[in-house]
Amino acid sequence: MFWTKQGKPFSVGWWSWLVITGCMMGCAASCKWVGLFLFPAIGLSTIGDLWEKIADRRISPAKWFAHFFARAIGLLAVPLAVYLFWFQVHFQVLSKTGDAAPMMTPEFQATLKGGLDVTTDRDVYYGSEIRIRHTNSRSGYLHSHHHPWKHEKGSGQQQVTVYGYADPNNIWVVYPALNKTVDETDGPKKVQGGDIIRLRHKGTGKFLHSHDKKPALSNDDNKFEISGYGFPGFNGDANDNFRIDILSGDKQSPGSDKNVQAIYSRFRIVHNRLNCVLYNSRQKLPEWAFGQIEVNCMRNSMPRMTTWHVEYAHHPNITADVPKATYRPLTMLQKIWEYNKHMAESNESLTGDHPFAARPQHWPWLRRGTAYWGGRGKFIYQLGNPIVWWCSLAACLLFLAVRPVLFLLDKRRIHPTLGGQRNKYLSGA
């Protein structure tokens, strides 16, 4: 319909159909990302039209740029605004926390009613009890329990994993490096970037440990087992030493890029002897490890899966008021960005069809719908609107039938005008 108004550019009808086109593009992309195929389809025809207008001497450069910016507004800015609008509606409706909330970052969860509400001591000292969370995934916390590694390549020492929920077995105590002491004459000392530390599991008393043993789910020469090691009366060994490398801090919390601060400091945990980094493999362990997530020590690893932060910190000997840290809720645009990023990651992880999917060849005929969701005795089943789909299919078939007939008639020098609508019909195609 927009193309039928080309004789009256910038008229009310011209603008109306241009903006409506942009709105529909935004709605299509908001329903499903397959709708993004509309953008190159419409974009290519728009580029072709603008290219033709460059050669038209009747159109001044100023007029051409007016055409360009009008299309940029109608076919780019308007769809983006519509896309953002529907996410605004989405977040207004789904404002409470739920079972799927842990899939999102803590900062996202902090925006939900009944969601994550963490307030903790800000500074991490030697002697602090801490809970360490993996930063760039929704996997959870550094965790250990009494059960040993049972894989053939392993040491048989205590399992260390990533566990998805806050739990007493996620608590570690910060100790200095083996055979090192810290001067606490003036009170507890803060942990700084570059410090060599040990982490002792509060529940079992074992130290976080790595050595020249293969992890449960890999034979890679660059990966090593992470375990809990120690026994009563034993002070540990050099394989318990890890270096804290701070990658970034929070600009609103001064010093978080130099001293380890809960929530605000992002860091890597580097084994001092093997020079490998604590790495979240995101792979599920077998049942003997309760299906938790494997963590190993990996050389030559990228920061994304080796970045951690402290979510909870408390020193038992500090009772005075201390600075606090909390997750800062995301803005609306930050939430939209994270949500879309998570959707993209989920799409990348899809390896095949599910049994309730509808294939494209079934769509025009509405032979079957898509089982979208089921739970709590209720189901959402998607089925195309018969009026829309069947009329659209009929229009496509009619076009395919009429176009070759017109071509043959033109060959015989018969040029039907279709009541003056033929030019509109061809330009609209």
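Residues are numbered from 1 along each chain as its sequence is written, and side-chain values use heavy atoms, with hydrogens and water left out. Because the model is predicted, local features need pLDDT of at least 70 and side-chain atom pairs count only at pLDDT 80 or more, while totals for chains, interfaces and linings use all residues.

Helices (H or I, at least four residues) and strands (E, at least two) are DSSP runs, numbered from the N terminus. Axes are lines fitted to C-alpha atoms, for helices over the stretch in contact, and angles run from 0 to 180 degrees between N-to-C directions. Helix H1 (residues 12-31) packs against helix H2 (residues 38-54) at an angle of about 155°, and the two axes are 10 Å apart. H1 and H2 are therefore roughly antiparallel to each other (angles under 35 degrees count as roughly parallel, over 145 as roughly antiparallel, 65 to 115 as roughly perpendicular and the rest as oblique). In this contact (heavy atoms within 4.5 Å), Thr21, Met25, Ala28 and Ala29 of H1 meet Leu38, Phe39 and Ile42 of H2. The residues of the contact of H1 with H2 comprise six nonpolar, one polar and no charged; Ala, Val, Leu, Ile, Met, Phe, Trp, Tyr, Cys and Pro count as nonpolar, Asp, Glu, Lys and Arg as charged, and the others, Gly among them, as polar.

H2 also packs against helix H3 (residues 61-93), where the axes come within 10 Å and cross at roughly 175°. H2 and H3 are therefore roughly antiparallel to each other. On the H2 side, Phe39, Ile42, Thr46, Asp49, Leu50, Lys53 and Ile54 take part, and they meet Trp64, His67, Phe68, Arg71, Leu75 and Pro79 in H3. The residues of the contact of H2 with H3 divide into eight nonpolar, two polar and three charged.

One disulfide (a pair of cysteine sulfur atoms within 2.5 Å) is found in a search of the whole structure. The disulfide joins cysteine 276 and cysteine 297, with the sulfur atoms 2.0 Å apart, and the link is right-handed, with 95° about the S-S bond. Cysteine 276 lies in the loop between strand E10 (266-271) and strand E11 (277-284) and cysteine 297 in strand E12 (residues 293-298), so the pair ties together parts that are 21 residues apart in sequence. Cysteine 276 is buried at 0% relative accessibility, and cysteine 297 is buried with a relative accessible area of 0% (buried means under 20% relative accessible area, exposed over 50%, partly exposed in between, with a 1.4 Å probe and protein chains only). Cysteine 23 is in no disulfide, and the nearest cysteine sulfur, that of cysteine 27, is 6.7 Å away. Cysteine 23 is partly exposed, at 25% relative accessibility. The sulfur of cysteine 391 is 11 Å from the closest cysteine sulfur, in cysteine 396, which is too far for a bond; cysteine 391 is exposed, at 51% relative accessibility.

Aromatic pairs (rings of Phe, Tyr and Trp, the latter by its six-membered ring, with centres within 6.5 Å; planes under 30 degrees apart count as stacked, over 60 as edge-to-face and the rest as tilted) number 21. Phenylalanine 10 and tryptophan 14 form a tilted pair, 4.7 Å centre to centre with 45° between the planes. Phenylalanine 10 is partly exposed, at 27% relative accessibility, whereas tryptophan 14 is buried, at 0%. Phenylalanine 68 and phenylalanine 69 form an edge-to-face pair, 5.3 Å centre to centre with 80° between the planes. Ring pairs also link Phe2, Trp3, Phe10, Trp14 and Trp15 into a cluster.
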